[in-house]
Amino acid sequence: MLRAMPVALLLGLVVASPLLGQRPTAPSKPNIVLILADDLSYRDLSVWGQERFSTPNLDGLAIGGLRFTQAYAGAPECAPSRSTLMTGLHTGHASVRDNRSARGQDHLADSDLTIAEVLKGVGYATGFFGKWGIGLPGTPGTPEKQGFDEAFGFYDQRRAHTFFPHYLYRNGARVDYPGNLGFDMQRLYEDNSTRAAARDTATRYDAAGRLLPPGIPDPAKAVYSEDVIEAAAADFVRRNRERPFFLYSATQLPHGPVITDNLGPLLGRRDFPTTAHKEWASMVLRLDRFTGELVALLEELGVRERTLIVFASDNGYAMCGYFARGNQSENWPDDPFFRNKGPFRGGKFSLQEGGIRVPFFMNWPGRIRPAVSGDVVWLVDLLATFAELAGVHPVPATDGSSLLPIMSGNAGGFRKDRALYWENAREQAVRTGPWKAYRESPDSDLELFLIEDDMGCERDLAEHYPDVADAMVRIMEQEHVDHPWYWNPSETREEFRVKEERARELGQLQEARAPNSGP
């Protein structure tokens, strides 16, 4: 588990939370709705600074709730981020530590304890809808084997790169969509590899803004994945309104390839430089609209006042990867039109700030007062938070901390001297108090930043604060536990290839398949 950083090493002040009020407990267990966006940029919501379009439903929840300005994902990419969120274990301890292990797309273990299992154990109805990514069909990691009463969506995270799938899974059983056969995913991938300003876009829209899906002979028979996934999530809420429920809505939006079912009001926006920009914004607006519909449903059913809504993204900035404007080696340049990256260095797949900083807020009418918190938090904290909120005793031991003290306005009861740890193949990073440490590998020099004053990580202070740098290295060494299948930081590429060969010999390969291809 995480070790506390000595306060004497923090050399900075943390501003107390402005929240006031009573601890957010309810007469009965509250409903919990967790909405996880996929590749949402830090400033894609207008409440976080987006000026080209507005997200009124998400903005309203953020402004009326508890908004965190220093929030992190548990990893800089899809699968490990979802693993750390579900289990409360950071990537030095988790079963899933990267998008790919030596075995392929790996999975949660039987021994893992998930949020769903914890809440189900105290009477919650549990439902997952969307993109799972931490357990292929036939493995112990599928959602119905990890505590969810109901599960519907993409189990294979790579297949979730399409919005017109050949099939989805419902509680482990395949649901086919023959009307989507012929959808030209390859054309979309090729289109996204061309700069948006120059591409001959693979997508076409009719005069009303409706998508004409490429390769599908009869668009009227096509099924847009978000339509059926959102409908299933709403149905779960309706059927479980009389008991406490946990809804995990893990949308695909706005992960690429860039496409939308309907450009809607953006169809005629001549100020947008490309169709691709309209599509990206439309994906974010679709997420905003569904959130508004979900809130309206909770109000209609009379359960909004006893429902906590939590919203976050799974990792940091990724948009430029779908617009052919650079990659990690080029520091993931910001979009010149949307300016949605934020002030951070790096992006998706990197443990630099741009890869792990995420928008994150909570809303619970009458229980959480509107406030902005500068406390350093991460999605790893959610299992402990939800467990305490649901009255689980004792709260399971994890690498996170319950956020209830901050939610209740008693931020002084929250451990501000704790350390947050990440690893990603050979990369390692630590955040504690005002400090952020990063190194590309155990063989590289440690970089040290006063992150609150230097969000762009432009001034490396490791030479000036050697005691702090040494303490950060010790945390990196203490928090990592070797994994038999993932690339451990101290290993070489050749040592990882030996693991891959062993996986082949043992018949343990678990390969994800490209969307809309093969069985």
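In this predicted model, helix α5 meets helix α6 through E226, D227, E230, A233, A234, V237 and R238, and the partners on the α6 side are R286, F290, L294, L297 and L298. As for the geometry, a packed pair of helices is described by the angle between the axes and the distance between them. Here the axes of α5 (residues 225-239) and α6 (residues 275-300) come within 11 Å and cross at roughly 20 degrees. Angles under 35 degrees count as roughly parallel, and α5 and α6 are therefore roughly parallel to each other. The crossing of α5 past α6 is right-handed.

Moving on from α5, the loop between this helix and β9 (245-250) holds N240. Is N240 buried or exposed? With a relative accessible area of 9%, N240 is buried, since the cut-off for that label is under 20%. Setting aside neighbours within four places in sequence, N240 touches A125, E150 and F245.

Burial also marks helix α8 (residues 382-389). Seven of its eight residues are buried, so α8 is largely enclosed by the rest of the structure. The buried set is made up of L382, L383, A384, T385, F386, A387 and L389. Just after the helix comes G391, which takes a positive phi of about 80 degrees.

Which strands pair with β15? One is β14 (residues 427-432), which runs antiparallel to β15 and is joined to it by five bridges. Within this pairing, R431 has K436 of β15 as its bridge partner. The β14-β15 hairpin has two residues between the strands, and G433 there takes a positive phi near 55 degrees. The other is β16 (residues 447-450), also antiparallel to β15, with four bridges joining the two. On that side, Y438 finds its bridge partner in E447 of β16.

Methods
Residues are numbered from 1 along each chain as its sequence is written. This is a predicted model: local features need pLDDT of at least 70, side-chain atom pairs count only at pLDDT 80 or more; totals for chains, interfaces and linings use all residues. Side-chain values use heavy atoms; hydrogens and water are left out. Axes are lines fitted to C-alpha atoms, for helices over the stretch in contact, and angles run from 0 to 180 degrees between N-to-C directions. Angles under 35 degrees count as roughly parallel, over 145 as roughly antiparallel, 65 to 115 as roughly perpendicular and the rest as oblique. A crossing is left-handed if the near helix is turned anticlockwise from the far one by less than a right angle, and right-handed if clockwise. Contact means heavy atoms within 4.5 Å. Buried means under 20% relative accessible area, exposed over 50%, partly exposed in between (1.4 Å probe, protein chains only). Two strands pair if DSSP finds at least two bridges between them.
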